[in-house]
Every structure is written in structure tokens, then in C-alpha cells.
Amino acid sequence: MPDLNIVDFQMSFFSLKGKNAIVTGGNTGLGQAFSLALAKAGANVLAASIMPDDGSTATMVEEAGAKYAYIMSDITEKGNPKRVVDACISEFGSVDILVNCAGRSINEPDVLNYTREQWDPMVALNLTAAFEMSHECAKHMVPQGSGKIINICSVFTFLGGQWSPAYAATKHGIAGFTKAYCDELAQFGVQVNGIAPGYYATELTTATRSDPEANRRVLDHIPANRWGQTQDLMGATVFLASRASDYVNGHILSVDGGYLVR
């Protein structure tokens, strides 16, 4: 074992200066937080989304000193993942980091009414598109001998998914894909990991947080006794995107306030 006094560990291992990132769904919600975290660490960011870009993400990224680009793209459509990756390389010169954040959840309280109409679009976006984005990025990361792929999982990666079996299935699936792809790409210097957010105070959870009974039901399950804030995800994102995590591979990092332990 090396003498710890001479190990050349630097805080610069967390720097993303000179790195270029793609964040799917990167201009809204949690995706926007991932984009900003990477930018604050020094990375240029291309956000790919079906949501119109209002300029707010660009402002935050550029104020952090990084470059920002946006491409409107439905990554479930054939050929679009390649177009997104090509756009990043054209804009910035390389692709070093991919955050597969784009996803959706379609709920149906009556399981007997849950059909392929709900199932198929979720599998297409939450799982298949993440594979295709990773595949297109890997074509560039493998030859350059480095790269970081971060798949956004969920606490429902580890739990059942009441009212949305497709969501839970895809989030279990993305964890399996994370482990499988890490096994394939580690030999080439590419790390593949996942982040599993818990319950976060975003626009999507406004209704739940506004309902006293539903809000208390969620908080009673979180040892931290609060909803997550988007900044709570930033440290994990930078860590998994940086040199500091070069020997972390195939791991799913829960950022949930302790939700899974209760």
C-alpha cells in the first residue's frame, strides 16, 4: 500500500475544467440542476430536451463561466441520439460526460387499466433512449480512453412502483444497464454509474407537497424530515463526473435523505 504522505491527491481531481457534457432533459427540473453542477465545476454543457428552452439554464451555466448549448430533440426517435452527440462534438469538440436524465412517469391507479399505451413510451424514454445515448457517446469515449456516463435512477430502482409499474421496471432496468455497461466499458477507462434521487421539491411534486396528508406521508418516510432540494444532487453529480471517481464503477448512489433505510 502506498505511503499516504506521498499520494498525489489534489482537490483539482473534482475539477471538470476542459470537459464537455451532455445532459438529457438538462434545461428543466433536476436536469437543470445537473447541468448547473457540471458547469460550476468547469464543464461545458449541451442540454438535449423536448422542452422549449427559456434561456434560464444558459444564463446560469454562463454565469458559472462555462459554455452552454441546447438542442431540441426527442431522443426516442431513431437517429436523434447520434444527432445530439454529433451536436456536442460540433459545438465543443468532444463528449466527456453523459448524464441520462430525461424520463417520464405515467400513473394509473387501477392496475387493470395499465396497458401498453402507458408502458411503451416510458420504456422508450427511460430505458431504450438511455442505452442509445450511452452507445453513441461510448463510440467517442472508448477511443479517447476516458468518459463518464451517469444514469439517473430513482429510489424506485429498489422498490415497487405503485400506480406506475413501468416506471419502477425502467428504473430497475437502468440500474441493471448501468452495471452491465460498466462491465463492458471499464477496461477502456470509461466509468458508468447511477444516481438515485429520492423525493425532491420540484414543479412535478407541487401537488403532493401542497396536500398536507400526502406531504406528511412522504416526510414520515425520510429520516432527514425534509424534501430534497436540487442543490442536494450537485455534489454527487460532480463527484461521479470527475477524476475523483475514476475507481467507482457500476455503483448506484442514493441521494434520498435516508428514504431507503426507513
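Predicted model: local features only at pLDDT ≥ 70, side-chain atom pairs only at ≥ 80, totals over all residues.

Biologist: Understood. At what angle do α4 and α5 pack?

Modeller: Helix α4 (residues 116–144) packs on helix α5 (residues 165–185) at about 15°, and their axes are 9 Å apart. Angles under 35 degrees count as roughly parallel, and α4 and α5 are therefore roughly parallel to each other.

Biologist: What is the handedness of the crossing of α4 and α5?

Modeller: The crossing of α4 past α5 is right-handed.

Biologist: Which residues of α4 and α5 meet?

Modeller: On the α4 side they include Trp119, Met122, Leu127, Phe131 and Val142. On the α5 side, Tyr167, Ile174, Phe177, Tyr181 and Leu185 are among them. By class, this contact of α4 with α5 has 16 nonpolar, five polar and no charged residues.

Biologist: Moving on to α3, how does it lie against α4, and how far apart are the axes?

Modeller: Helix α3 (residues 80–92) and α4 cross at roughly 40°, and their axes come within 8 Å. Since the roughly parallel class covers angles under 35 degrees, that angle makes α3 oblique to α4. The crossing of α3 past α4 is right-handed.

Biologist: Which residues make that contact?

Modeller: From α3 there are Pro81, Lys82, Val84, Val85 and Ile89, and from α4 there are Glu132, Met133, Glu136, Cys137 and His140. The contact of α3 with α4 divides into six nonpolar, one polar and three charged residues.

Biologist: Is Cys88 buried or exposed? And Cys137, buried or exposed?

Modeller: Cys88 counts as buried because its relative accessibility is 0%. Cys137 has a relative accessibility of 0% and counts as buried.

Biologist: Back to helices: how do α1 and α8 cross?

Modeller: Helix α1 (residues 29–40) and α8 cross at roughly 55°, with axes that come within 9 Å. That makes α1 oblique to α8. The crossing of α1 past α8 is right-handed. Ala33, Phe34, Leu36, Ala37 and Leu38 of α1 meet Met234, Thr237, Val238 and Ala241 of α8. The residues of this contact of α1 with α8 divide into eight nonpolar, one polar and no charged.

Biologist: Now the loops. Where does Asn225 lie, and what is its phi?

Modeller: Asn225 lies in the loop between α7 (212–219) and α8 (234–241). Its phi is positive, about 60°, although Asn225 is not a glycine. Asn225 counts as partly exposed because its relative accessibility is 46%.

Biologist: And where is Thr205?

Modeller: Thr205 is placed in the loop between β6 (190–197) and α6 (206–210). With a relative accessibility of 15%, Thr205 counts as buried.

Biologist: What does Thr205 contact, leaving aside neighbours within four places in sequence?

Modeller: On that basis, Thr205 is in contact with Tyr200 and Trp227. Thr205 and Trp227 are 22 residues apart in sequence, and their C-alpha atoms are 9.9 Å apart in space.

How values were computed: Residues numbered from 1 in each chain as written. Heavy atoms only, no water. Axes fitted to C-alpha atoms, helices over the stretch in contact; angles between N-to-C directions. Helix = DSSP H or I, 4+ residues; strand = E, 2+ residues; numbered from the N terminus. Parallel < 35°, antiparallel > 145°, perpendicular 65-115°, else oblique. Left-handed = near helix turned anticlockwise from the far one by under 90°. Contact = heavy atoms within 4.5 Å. Nonpolar A, V, L, I, M, F, W, Y, C, P; charged D, E, K, R; others polar. Buried < 20%, exposed > 50% of the residue type's maximum accessible area, 1.4 Å probe, protein only.
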